[in-house]
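Work through the two exercises below with the model open. Each task is followed by a stepwise solution.

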Amino acid sequence: MLLVSLVYASSVSASVDEQAVARILETSRANNEQHDITGLLCFNHRYFLQCLEGSRTRVNHLYQRILQDPRHSDILLLDYAEIEQRRFDQWAMGYVPSGQLARQQILRFSGKAEFNPYEMTGASARGLLAELGSL
Ligand SMILES: Cc1cc2nc3c(=O)[nH]c(=O)nc-3n(C[C@H](O)[C@H](O)[C@H](O)COP(=O)(O)O)c2cc1C
């Protein structure tokens, strides 16, 4: 199977709070398990940063659904690559809320004090997610 990893940033819609994110995660975990998709979702009230891993076809289909989801906007593809193995193989969709995003980590990967995935390169976004995933 051809495995890929896709990373994007997006802006959280005004109506989306922690409870709404909990619902997104619930659906995501159920769907992803069924489609053998794994990944990690970061959320800080303003932005989402998500990595999706799995078969190329399935990740592409999911991404097309996610693009149409009104719970976020301004979706920006940061990184897309074929991979040999998964980084988040233990998670149908791991979750890192803003409280767990350490200031030092954000500084190290983005050069900025505030978490803003739009200002990150694909490599830094991948690096940050990989580090968060190994906590
Ligand atoms: C930030 C964000 C991340 C999402 N991640 C996933 C995901 O990993 N897997 C998934 O199935 N749906 C995800 N969704 C939800 C999809 O956009 C869509 O609502 C869902 O897949 C539809 O599932 P259903 O047909 O079972 O209702 C995400 C939505 C948002 C806003």
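**Exercise 1: Ligand contacts**

In this predicted model, a polar side-chain atom of Asn-31 sits 3.0 Å from an oxygen atom of the ligand. Find which side chains place an N or O atom 3.1 Å from a ligand nitrogen, and list the closest residues around the ligand.

*Solution.* 
1. Start with the surroundings. The ligand is surrounded by 16 residues. Ser-28, Asn-31, Asn-32, Arg-65 and Asp-69 are the closest.
2. Turn to the ligand nitrogens. The side chain of Gln-50 has an N or O atom 3.1 Å from a nitrogen atom of the ligand.

**Exercise 2: Helix packing**

Describe how α3 (residues 103-110) and α4 (residues 122-133) are arranged.

*Solution.* 
1. Take the axes. They come within 9 Å and cross at roughly 150°.
2. Apply the cut-off. Angles over 145 degrees count as roughly antiparallel, so α3 and α4 are roughly antiparallel to each other.
3. Assign the hand. α3 passes α4 in a right-handed crossing.
4. List the contact. α3 contributes Gln-105, Arg-108 and Phe-109. α4 contributes Ser-124, Gly-127, Leu-128, Glu-131 and Leu-132.
5. Sort by class. The contact has 3 nonpolar, 3 polar and 2 charged residues.

Key:
Residues numbered from 1 in each chain as written. Predicted model: local features only at pLDDT ≥ 70, side-chain atom pairs only at ≥ 80, totals over all residues. Heavy atoms only, no water. Axes fitted to C-alpha atoms, helices over the stretch in contact; angles between N-to-C directions. Helix = DSSP H or I, 4+ residues; strand = E, 2+ residues; numbered from the N terminus. Parallel < 35°, antiparallel > 145°, perpendicular 65-115°, else oblique. Left-handed = near helix turned anticlockwise from the far one by under 90°. Contact = heavy atoms within 4.5 Å. Nonpolar A, V, L, I, M, F, W, Y, C, P; charged D, E, K, R; others polar. Near = heavy atom within 4 Å. Polar contact = N/O pair within 3.5 Å; in protein donor to acceptor, adjacent residues only side chain to side chain.
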